[in-house]
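Subject: A structure for you to explore

Hi there,

Here is the structure I promised to pass on to you. Please open it next to this email and look up each residue as you read.

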Amino acid sequence: MMAKTQCDALVVGAGLGGIYQTLKLRALGLRVVCIELAPEVGGTWYWNRYPGAMSDTESYLYRYSWDKEDLRTYPWDKHYLYQPDILKYINHIVDRHDLRSTIRLNTAMEAATWHEQEQRWIIECSTGDVFSAKYLVNALGILSKPYFPNIPGLQNFQGNLIHTAAWPEVDLSQHRVGVIGNGSTGIQVMTALAPEVKKLISFQRSPQYSVPSGQGPVTKEYRKWVNENYDDIYDRVWKSNTAFGVPEVSRPTMSVGPDERREIFEKLWDQGNGFRFMFSGFGDITTSVEANREACKFIHSKIDEIVKDPAKASALKPTELYARRPLCDAGYYQIFNRPNVDIVDLRENSIQEVVPEGIMLQDGSVVELDTLVLATGFDALDGSYLRVAIKGQEGQTLQEHWQDGAITYASVSSAGFPNMFMISGPQGPFANFPCAIESEVNFITECIERAERGSGYISAKRESELQWMDQCNRLTEGSVFKSTKSWIFGENIEGRQPRIKFYFGGLAAYIAHTRREVDTGFPSFDLVPSHSKDVLINGIKTNDIETNGVKMNGIEVKAQDCN
Ligand code: NA7
């Protein structure tokens with residue numbers, strides 16, 4: 001039997017969240033091990049290496065805020081980072097902060113069980129490794145479980161079947177490529193593939209609104225300006241809702257006349273960025289149907305302007321509101337002017353089944369394909385957790401606790417799962433992810449620090465998660481986002497109970513909430529005293545602790561080896 005490795009904290013996942021958490025806990029003096037199922041660090045950015053994979057947060061904000069020197073010196077030369085750039089950056093951070101020896105690659109958590117008596121988590125891994133940890137911090141990723149839709153005959157396809165989240169080394173230049181899915185991933189991969197492949201066909205169920213990204217090289221002057229203003233930039237980011245670095249205005253759409261409105265939309269279109277388009281021109285695009293329709297009308301007019309074939313233009317125009325995660329692209333609508341690019345409007349002619357040679361449509365016709373790409377998204381957020389056997393207090397599994405849909409307190413903790421935390425768990429802030437991740441890691445670290453000062457464990461109260469859920473629901477009242485079905489509400493997974501997946505109060509409000517929680521002594525948590533002697537970790541002295549009649553203050557209990 002494999003030996004049990006003792007450590008203070010086990011961090012699961014070496015993406016942006018897990019790496020920062022590992023650093024923070026190490027700085028607290030805890031013995032930390034980070035495990036990662038992939039053969040490399042990077043999380044989402046290790047897996048999603050499809051052509052065109054790009055962050056749609058501007059480069060200066062798609063990074064950690066806390067390494068001030070690195071912010072100013074690390075090179076980037078375009079407004080947006082492609083997947084290889086981000087992977088390189090993450091590796092750079094791991095080396096710069098000497099984290100490699102703390103991370104065990106190719107190691108997947110398979111089961112985690114809370115042992116009440118010992119007040120520890122026992123974690124079993126795919127490698128046979130077993131860890132015993134006081135704290136378990138899951139950084140499993142928001143978008144880490146690819147979603148394979150239940151399309152009849154998929155297994156019969158005889159060409160290449162590729163999910164964008166597991167892109168192989170492949171030459172598609174002579175291929176007829178079909179793509180199912182035109183969300184953020186689908187439009188990126190199609191835009192990149194169009195000039196590279198023999199034929200590209202989009203099998204589109206719901207057309208999406210997209211605006212230009214504004215990708216392009218940055219000038220030396222721009223970088224200099226960013227460097228000189230980083231403190232102010234981040235100051236504004238932490239006080240904003242979306243943390244995308246774009247202005248968030250309150251001006252109502254209908255407060256200006258049609259000409260001025262169009263001028264404002266045009267300016268945003270030229271500047272680029274989906275979040276800018278949604279939040280920087282007017283303040284009510286996500287709350288007023290009338291305002292939202294104006295944005296729709298404008299994007300429709302752009303599609304008509306760009307796409308020469310009226311039938312294709314019509315297929316590309318959404319009829320629903322502009323109420324999904326805002327998208328941006330590097331010339332998506334333009335690819336439909338290419339002779340090798342076509343579109344099948346599944347609203348008119350749906351997929352009957354996948355056959356060995358391609359896709360058979362409802363009208364009986366078969367579109368022959370050499371490669372079928374599934375850009376069909378993810379079982380987002382809770383999907384990452386439900387595939388692991390996590391068992392908390394009284395033997396209750398996370399699956400049981402979440403049977404009516406995932407529920408957390410402030411995204412980081414779930415009642416009945418003491419000393420277990422989630423980075424970017426369900427109901428976290430809907431904001432630029434690196435910033436949201438940092439806020440959550442900072443909060444988790446405060447929770448752990450508090451637990452280290454005299455508690456055996458810290459665990460969200462049931463009423464806290466119910467109240468948080470209630471708040472998340474209330475925040476979506478009046479939002480036009482509720483009119484569309486998407487992964488944001490968990491409505492993309494067949495058979496899954498939909499539940500709000502995000503906190504829409506804004507990042508600033510989330511940070512303020514967690515700050516209040518810390519400052520008022522963690523009222524949303526139960527703090528249960530320790531009944532083990534393992535209180536002092538690596539020489540960090542704790543406060544007075546009365547446990548089982550043993551005065552712990554000053555008793556230095558050696559942390560156990562963790563290698
Ligand atoms: P999304 O945004 O969930 O998009 C998935 C796409 O796949 C979407 O267009 C779906 O159409 C389509 N889809 C899913 N199942 C089917 C079936 N059965 N038939 C046809 N089409 C289907 O995933 P992404 O990977 O693009 O983006 C997820 C996030 O990753 C993104 O927001 C970024 O933050 C990064 P539907 O709209 O459901 O009709």
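Below is what turned up, starting with the ligand and ending with some loops.

First, some ground rules. This is a predicted model, in which local features need pLDDT of at least 70 and side-chain atom pairs count only at pLDDT 80 or more, while totals for chains, interfaces and linings use all residues. Residues are numbered from 1 along each chain as its sequence is written, and side-chain values use heavy atoms, with hydrogens and water left out.

**The ligand**

Which residues come nearest to the ligand? There are 19 residues around the ligand, and Thr185, Arg205, Ser206, Arg324 and Arg325 come nearest. (A residue is near a molecule if one of its heavy atoms lies within 4 Å of it.) This shell divides into eight nonpolar, eight polar and three charged residues. Here Ala, Val, Leu, Ile, Met, Phe, Trp, Tyr, Cys and Pro count as nonpolar, Asp, Glu, Lys and Arg as charged, and the others, Gly among them, as polar.

The side chain of Thr185 has an N or O atom 2.6 Å from an oxygen atom of the ligand. Backbone atoms take part as well: a polar backbone atom of Asn182 is 3.0 Å from a ligand oxygen, and a backbone N or O atom of Ser184 lies 3.1 Å from a ligand oxygen. On its own, the ligand has 770 Å² of accessible area, and the protein covers 86% of that. (Accessible areas come from the Shrake-Rupley method with a 1.4 Å probe; for residues, only the protein chains shown count as cover.)

**Helix 5**

Thr185 also belongs to the buried residues of helix 5, together with Gly186, Ile187, Gln188, Val189, Met190, Thr191 and Leu193. Buried means under 20% relative accessible area, exposed over 50%, and partly exposed in between (1.4 Å probe, protein chains only). Helices (H or I, at least four residues) and strands (E, at least two) are DSSP runs, numbered from the N terminus. Why is helix 5 (residues 184-193) largely enclosed by the rest of the structure? Because eight of its 10 residues are buried. What covers these buried residues includes strand 3 (54-58), strand 10 (176-180), strand 11 (199-204), strand 12 (210-212) and strand 13 (327-329).

**The nonpolar cores**

In soluble globular proteins, nonpolar side chains tend to be buried together. A nonpolar core is a set of buried Ala, Val, Leu, Ile, Met, Phe, Trp, Tyr and Cys residues joined through side-chain atoms within 4.5 Å. The largest one here has 156 residues, and Leu10, Met109, Ile123, Leu200, Ile299, Ile390 and Phe443 have the most contacts inside it. Helix 13 (residues 433-452) gives the largest share of this core, nine residues. Apart from this core lies another, of 16 residues, including Phe157, Ile201, Phe203 and Leu372.

Leaving out residues up to four places away in sequence, Phe443 touches Tyr409, Ala410, Val412, Tyr510, Thr514, Glu517, Val518, Phe522 and Phe525. (Contact means heavy atoms within 4.5 Å.)

Most residues other than glycine have a negative phi. Ala410, one of the residues that Phe443 touches, has a positive phi of about 55° although it is not a glycine. Glu394 is also not a glycine, and its phi is positive, near 55°. Are these residues buried or exposed? Ala410 counts as buried, at 0% relative accessibility, whereas Glu394 counts as exposed, at 84%. Glu394 sits in the loop between strand 19 (389-391) and helix 12 (398-401), and Ala410 in the loop between helix 12 and strand 20 (420-422).

- Gly425, in the loop between strand 20 and strand 21 (428-429), is buried at 2% relative accessibility. Its C-alpha is 6.0 Å from that of Leu381, 44 residues apart in sequence.
- Asp363, in the loop between strand 16 (358-361) and strand 17 (366-368), is exposed at 53%. Its side chain makes a polar contact with the side chain of Asn349 (2.8 Å). A polar contact is a pair of N or O atoms within 3.5 Å; within protein, one must be able to donate a hydrogen and the other to accept it, and residues adjacent in sequence count only if both atoms are side-chain atoms.

Enjoy exploring!
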